[in-house]
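Visitor: I'd like to learn how to read a structure like this one. Could you walk me through it?

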Amino acid sequence: MYQIDAKIISNKKISEKYFLVTFLGDKIARKSLPGQFVMVKVDNEKTFLRRPFSICSTGEKTFSILFKVVGIGTEILSKRKVGGTLNIIGPLGNGYHFPLSTSHFPIFVAGGTGIASLLFLASKIKSPQKPIALLGFKTKSEILFETEFKKLGCEVIVSTEDGSYGKKGFITDIFKKFLLSTSYSLLPAVYACGPKPMLKKIAEISKKHKLKCYVSLEEKMACGIGACMGCVVRTQMNADEFEYKKVCKDGTVFDAKEIIW
Amino acid sequence: MVKIGKLKLKNPVLVASGTFGYGIEYKDLVDLDKLGAIITKTITLEPREGNPQPRIFEIPYGMINSIGLQNVGLKKFIDEKLPELKKITKTPIIVSIGGGTITEYVRIVEKLNYENIGGIELNISCPNIMGKKIVSQSAKETYKLINAVRKKTNHTVITKLSPNVTDITEIAKSAEDAGSDAVSLINSFPAMIYSQSPIFGGLSGPCIKHIALRMVYLVSQTVKIPIIGMGGIMNTKDALEFFNAGAKAVAVGCANFVNPKIAIKIIERLKKK
């Protein structure tokens, strides 16, 4: 875990409302694992707390984050200029559980910005067969990374909620249909990232099919390092007791079985 | 050097309870040995699960939290967290404690008597425990609680006060009379967010600084025991304002979330003054 002033080397709009920012920061770049995130101080005037963003990719000395403009923090970040620096803490969290055993192959299920950590995972995971990437978006203009997943050797299925591109419907329904319509010799291991209601459904479907399922959760955070206890999620401790675990420190990736949705 | 009760601090900048976890969380980012003292997350006799989500809200110039004192409980704190923190730093550790009854506070203090710690901060001002009255809203209850604790321990006792009172000087006087070695003020303000339903929490950050300053000043005119000032300290200038208002030491609170290195930066800048 490092705290650095990272120089912005690119800040690009890559689809409707989505931006990809790349920072120079070799320490963070070298240590980052898929599923980990960084806390970014986007400005000192209009926002108070840092903002958490999943790491989307790394180069030798660079790392990138993906974000959608949803509020004041992301609005400011979208306007940050190349050459400027932002203070960043990372890499944080525990990342996805991999590699897989030879009897498993990965299915990535992404909703919205959840796609970021899964693209990173797809670039690092070794699979005994072609991985499947199910990518869900609201509408055609928001679609991103379809080609990137293909380049990484994935079989890609895109869905839009309004049917303007790919299959029509929620990615959860596409996932359900995919499992029912596909026969496979190896066992799928599900890696999902996206909004909580989506992850809940993915977890339920995976459970029904007795599949391993890892979910990367999002939560509002103040510190990002496990100190403030603001970002907790209810998890099963034993048969009748629950425990609040910290999304930032104990997660963001959890075995879906643990989570009390 | 600053003296708070029996505790000698190498510098007057501390990190406030609830904003620095058990200290351990910050070890990769902060040179803990440089801090004046670490005030740990409030510990209760039994582990507490804390409040349901949502717990954190950013607001203009600050935040509202509703953690609800989630903590590992006294036993795990003494067995695991405290030894781990002591292994990585020699900085004095002030243990913040909370409870539902005087008996609970006393039982915690009795256990802490066996520990080599810098002191105890009595959190009698948390705004996030539903259905419980805030002890430090009553001068009489404050006296009773501190008096009971004082009889049981030789550790330095610091009492953390709520700003949500008619006259904070009365409460501070009561703390002094009951034998508290120092007072720390202020805790966060009881506040609310309306998001689909009302959510109660504690307001902190730069938006409360000037209220905190006034209270530190008023209390400094009333009691002789040292004051640890806190409330929205974001930089050296803020810290100096608290010293000028009468604080003997200061604690950095939610600024630790914004910049974990800020307390160290303030310490270094103060040295140059």
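**The cavity and the interface**

Guide: Let's start inside: β6 (62-65), β8 (119-123) and β14 (249-252) of chain B each give at least two residues to the lining of the largest cavity. Strands here are DSSP runs (E, at least two residues), numbered from the N terminus. This is a predicted model, where local features need pLDDT of at least 70, side-chain atom pairs count only at pLDDT 80 or more, and totals for chains, interfaces and linings use all residues. Residues are numbered from 1 along each chain as its sequence is written, chains are lettered from A in the order in which they are written, and side-chain values use heavy atoms, leaving out hydrogens and water.

Visitor: What volume does the largest cavity have?

Guide: Rolling a probe the size of a water molecule over the atoms shows where empty space is left. Here the largest cavity has a volume of about 490 Å³. Of its 35 lining residues, Ser17(B), Thr19(B), Asn65(B), Asn187(B) and Ser188(B) are the closest to its centre. A cavity is a set of points on a 1 Å grid over the protein atoms alone where a 1.4 Å probe fits but cannot get out, and lining residues have an atom within 4 Å of a point. The volume is the space filled by probe spheres set on the points, which are joined across faces, edges and corners.

Visitor: Which side chains meet in a salt bridge?

Guide: That's Glu58(B) and Arg51(A), at 2.8 Å, N to O. The rule asks for a side-chain nitrogen of Lys or Arg within 4 Å of a carboxyl oxygen of Asp or Glu. Between chain A and chain B the count is 1 salt bridge.

Visitor: How many residues does each chain bring to the contact?

Guide: Chain A brings 25 residues and chain B brings 33 residues, with contact meaning heavy atoms within 4.5 Å.

Definitions and conventions. On a 1 Å grid over the protein atoms alone, a cavity is a set of points where a 1.4 Å probe fits but cannot get out, and a pocket is an open set with protein on both sides within 12 Å along at least five of seven lines; lining residues have an atom within 4 Å of a point. Helices (H or I, at least four residues) and strands (E, at least two) are DSSP runs, numbered from the N terminus.
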